[in-house]
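Have the sequence and the 3D view ready as you read.

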Amino acid sequence: MKGNWFNKLFQLEQNATTMKREVLAGIIGFFTIVYIIAVNSLILSEAGIPLEAAIIATIVSSVVGCLIMGFWANVPILIVPGMGINALFSYTIVQSMGMTWQEALAVVFVSGLIFMFIAFSRFSTVLSNSIPQSLKEAITVGLGLFLMLIGLEKGGIVVKGTNSIIALGDLGEPQVIATILTFLIAIFLFIRNTPGNFLITVIVGTFIAWLFGLVNFQQTQEETFSLSDYMGVFGAMSFDSILSLTFWTAVFSLTMVLVFENIGLVSGHVSFINRSEKFPRAFQATSVSSMLSGLFGTSPTVSAVESTASMAAGGKTGLTAVTTGLLFLLSAFCIPIIKLIPNSAIAPILIIIGGLMLQNIRHLNLEDLSESFPAIFIIALIPFTYSIADGIAVGFILYPILKIAIGKAKEITLPMYVIAGLFLFNFVFHVIS
């Protein structure tokens with residue numbers, strides 16, 4: 001009876017799969033993506049969110065996101081806080097733009113609402129077709145380079161020297177040695193496509209850090225599970241700056257990244273399992289989860305790249321995503337252990353993920369300078385300015401200018417002119433103010 005209920009709800013027979021296969025795929029997906037709890041919470045803590053609250057927020061958003069995807073879209077796509085977007089949240093919106101983390105959560109919520117409007121209307125197709133592919137690819141590459149820089153900094157391999165110039169760190173420092181050793185293990189496991197390679201990296205990396213005196217395991221005996229810190233983060237959105245240009249600049253930048261990154265990710269995932277007809281609902285589920293992230297107290301969730309691991313393991317329906325979501329819920333009891341994970345165990349993962357995102361540069365047409373130059377500026381300026389928003393803005397402004405210069409103004413769509421104009425207006429406003 002129970003099996004029939006699951007079969008009817010998730011259409012197991014229609015998709016030529018079984019409950020056992022879907023649950024196993026969900027378990028594999030969980031161990032592939034569970035590293036996000038430690039990585040995302042540490043990045044959120046850089047914005048000022050208490051670490052334990054950030055851990056709970058990451059878990060809650062992942063649980064709810066996976067359940068929404070599983071029950072609404074019925075596809076094996078895993079929803080977790082996105083890498084790159086969390087960097088935009090902490091390092092750009094909070095640290096560079098000067099907003100509080102409470103205001104940044106409000107930005108996430110408003111961006112999510114706009115994302116939902118786009119996802120539940122035909123505007124998603126119009127917007128996607130309006131932005132040149134070269135700029136979409138450049139955003140991914142720029143985010144990848146930014147993640148690599150953050151990873152190198154967290155590991156102490158590079159440091160900010162005089163006048164904020166990046167310099168090589170002290171390679172004799174225990175943290176740097178631990179990071180390098182962990183990276184070698186991480187890249188070895190990743191290249192060999194070892195199941196759960198990132199999870200193994202975190203465990204081994206934490207042990208290596210302990211050998212160098214960077215971790216005290218006795219702290220876990222004093223730690224207890226508590227929701228008190230999280231209650232100060234849940235629903236803590238502040239709309240005090242909603243009338244400011246800074247707030248809407250952040251909303252605009254975050255929405256751009258959210259929409260275009262998820263269009264690419266969701267489309268790729270549903271194509272991977274030959275269920276392209278599921279794109280609308282999967283895209284909608286992603287948008288709802290993203291909006292709820294602001295309420296839960298974390299940076300936006302996205303369709304995780306690691307979803308392909310569960311799909312490759314045989315996952316074809318939403319039961320895979322639901323299984324992963326329930327396992328995320330159980331991981332809440334491991335918070336005291338998660339809090340011990342050092343930067344040296346996380347940095348190699350950031351570096352590798354960033355390197356993966358950099359591979360999209362091969363899709364750029366470097367022979368057409370009107371296409372490649374705006375893309376290159378996005379890629380370079382995101383890490384150099386430590387601002388994802390500024391990097392995207394320069395590329396989007398430069399693109400129509402170069403097209404006009406070579407007499408191809410008609411190739412630019414009206415929405416693209418509007419977006420470039422908004423970015424330009426924002427720069428002019430900051431100059432005169």
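## Before we start

Helices (H or I, at least four residues) and strands (E, at least two) are DSSP runs, numbered from the N terminus. This is a predicted model, in which local features need pLDDT of at least 70 and side-chain atom pairs count only at pLDDT 80 or more, while totals for chains, interfaces and linings use all residues. Residues are numbered from 1 along each chain as its sequence is written, and side-chain values use heavy atoms, with hydrogens and water left out.

## The largest pocket

On a 1 Å grid over the protein atoms alone, a pocket is an open set of points with protein on both sides within 12 Å along at least five of seven lines, whereas a cavity is a set of points where a 1.4 Å probe fits but cannot get out; lining residues have an atom within 4 Å of a point. Grid points are joined across faces, edges and corners, and a volume is the space filled by probe spheres set on the points.

The largest pocket has a volume of about 1,300 Å³. Its lining has 48 residues, and Leu265, His269, Ala304, Val305 and Glu306 lie nearest the centre. Which helix gives the most to this lining? That is H12, with 10 residues. Elements that supply at least two residues each include helix H2 (19-33), helix H12 (245-272) and strand S4 (301-303). By class, the lining of the largest pocket has 27 nonpolar, 16 polar and 5 charged residues. Here Ala, Val, Leu, Ile, Met, Phe, Trp, Tyr, Cys and Pro count as nonpolar, Asp, Glu, Lys and Arg as charged, and the others, Gly among them, as polar.

H2, H3, H10 and helix H16 (335-338) each give two or more residues to the lining, and the largest share, 5 residues, comes from H10. The lining has 17 nonpolar, 2 polar and no charged residues.

Helix H3 (36-45) provides the largest share of the lining, 3 residues.

## The nonpolar cores

A nonpolar core is a set of buried Ala, Val, Leu, Ile, Met, Phe, Trp, Tyr and Cys residues joined through side-chain atoms within 4.5 Å. Buried means under 20% relative accessible area, exposed over 50%, and partly exposed in between (1.4 Å probe, protein chains only).

The largest core has 118 residues, and Tyr35, Ile77 and Phe396 have the most contacts inside it. H12 supplies the largest share of this core, 12 residues. A second, separate core of 5 residues includes Phe6, Phe10, Leu12 and Leu319.

## A look at helix H15

Helix H15 (residues 318-330) has 13 residues and reaches 19 Å from its first C-alpha to its last, close to the 18 Å expected at 1.5 Å a residue. That expected span is 1.5 Å times one less than the number of residues.

Contact means heavy atoms within 4.5 Å; not counting residues up to four places away in sequence, Thr323 touches Glu22, Val23, Gly26 and Ile27.
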